[in-house]
Amino acid sequence: MAEIDTTDAIDVHAYLDESRVSAMDLDCLARKNNISTIIVSPACTKNHEPDKHPGMYWVQRLILKIGALRSLAAWISSSFYDQKGELRPVWRLFTRESRDLIKVMHPDNDDLLEKISPYKQKLKMWYWVNPGDDIDFTVLEESFGNRQIFGVKIHAYWHSVDLGTIEKYAQFCKKVGCPLYIILGYGKAGDVDSLIKLCGGVNVILGYGAFPAFSHAWSKVRSQPNFYIDLTSFHLDRSLIRKALRLLGSEKCIFGTDCPYNFYDEAGDFSYEKTFQRISFDFLGPEDYERIFRANIKKIART
């Protein structure tokens, strides 16, 4: 098995969840683990986001690995949150602390940018937009004058986004020369065909390994040179990561973690070592790890 060189790795997806870590903590994590850059997003939830029970992830992955059961997964997913974006009480039982989970519907990018600004060497950010908001594109373009902003993020699952309606964001990314990070959902929020059609000339990363579509999405983006997936979060296990790498090749896969969630050491702290171990495979060589950890994301970064 080839030795994995993680020096100067780039973590394509993390969160500044201040109930768990500060911007200073993330900077320290990067330095301690020889991470070149951590690209963070605003927190997804208000207050403290509880960890999902590992068994819940296991059942979810099992269902999604069987394509015929994806409609069942979509039905279950539709029952998670009420109209206010709050996790329903019955599903709180499947979190580790049974706490409330309240969605952030209007991400605060300005606050995130202010908090990471002292750590320019290690921290960058995704500018997370909710396409349902009335966004002033003149202001958006002015914000992108700050080079700590890496690209645009749309969480189609979180905000129930019809991907057939995001052309103006794709065009914006093309104009400013930045990548577009998309987390797919179900139904129109997972319409990969529309995404491919709208995103010509735009580099797109499908988050969480193209969850919840996985192999269905992989087959569609395999021949699209501007589409990538990341290997982030408990939504993926080693069998899914292996399958993605086999099908797509290392040239389309990018390292990410979902820090500060899920991957904990014995002391309960986030462990980069555990995320590195997930992508250790006999069939990968040094050139593959170079692409996964560094080259692929550098290739599509803003110049």
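The protein chain folds into 13 helices and ten strands. Those are DSSP runs, numbered from the N terminus: helices are H or I with at least four residues, strands are E with at least two. This is a predicted model, where local features need pLDDT of at least 70, side-chain atom pairs count only at pLDDT 80 or more, and totals for chains, interfaces and linings use all residues. Residues are numbered from 1 along each chain as its sequence is written, and side-chain values use heavy atoms, with hydrogens and water left out.

Overall numbers next. Of 303 residues, 57% are buried. Buried means under 20% relative accessible area, with a 1.4 Å probe and protein chains only. The accessible surface is about 13,300 Å², and carbon and sulfur atoms hold 50% of that. Areas come from Shrake-Rupley with a 1.4 Å probe. Now contacts, meaning heavy atoms within 4.5 Å. Take those with a separation of 6 or more: 76% join residues 24 or more positions apart.

On to the core. The largest nonpolar core has 99 residues. Such a core is a set of buried Ala, Val, Leu, Ile, Met, Phe, Trp, Tyr and Cys residues joined through side-chain atoms within 4.5 Å. Which members touch the most others? I166, I182, L184 and L206. Beyond its neighbours within four places in sequence, I166 contacts P131, I154, V161, L180, I182, L195 and L198.

Now two arginines. R294 sits in helix 13. Buried or exposed? R294 is buried, at 6% relative accessible area. Its side chain reaches the backbone oxygen of T7 at 2.6 Å and that of D5 at 3.0 Å. Both are polar contacts: N or O pairs within 3.5 Å, one able to donate a hydrogen and the other to accept it, with sequence-adjacent residues counted only if both atoms are side-chain atoms. Outside four places in sequence, R294 contacts D5, T6, T7, D8, A9, I10 and Y289. The C-alpha atoms of R294 and V12 are 9.8 Å apart, across 282 residues of chain.

R302 lies in the segment after helix 13 (286-300). R302 is buried but has no salt bridge. That term needs a Lys or Arg side-chain nitrogen within 4 Å of an Asp or Glu carboxyl oxygen. The nearest side chain of opposite charge is E141, 8.9 Å away. What does the R302 side chain reach? The backbone oxygen of F144 at 2.5 Å, and that of I149 at 2.6 Å. Beyond four places in sequence, R302 has contacts including N146, R147, F150, V176, G177 and C178.

Conventions. Buried < 20%, exposed > 50% of the residue type's maximum accessible area, 1.4 Å probe, protein only. Lys, Arg positive; Asp, Glu negative; His and termini not counted.
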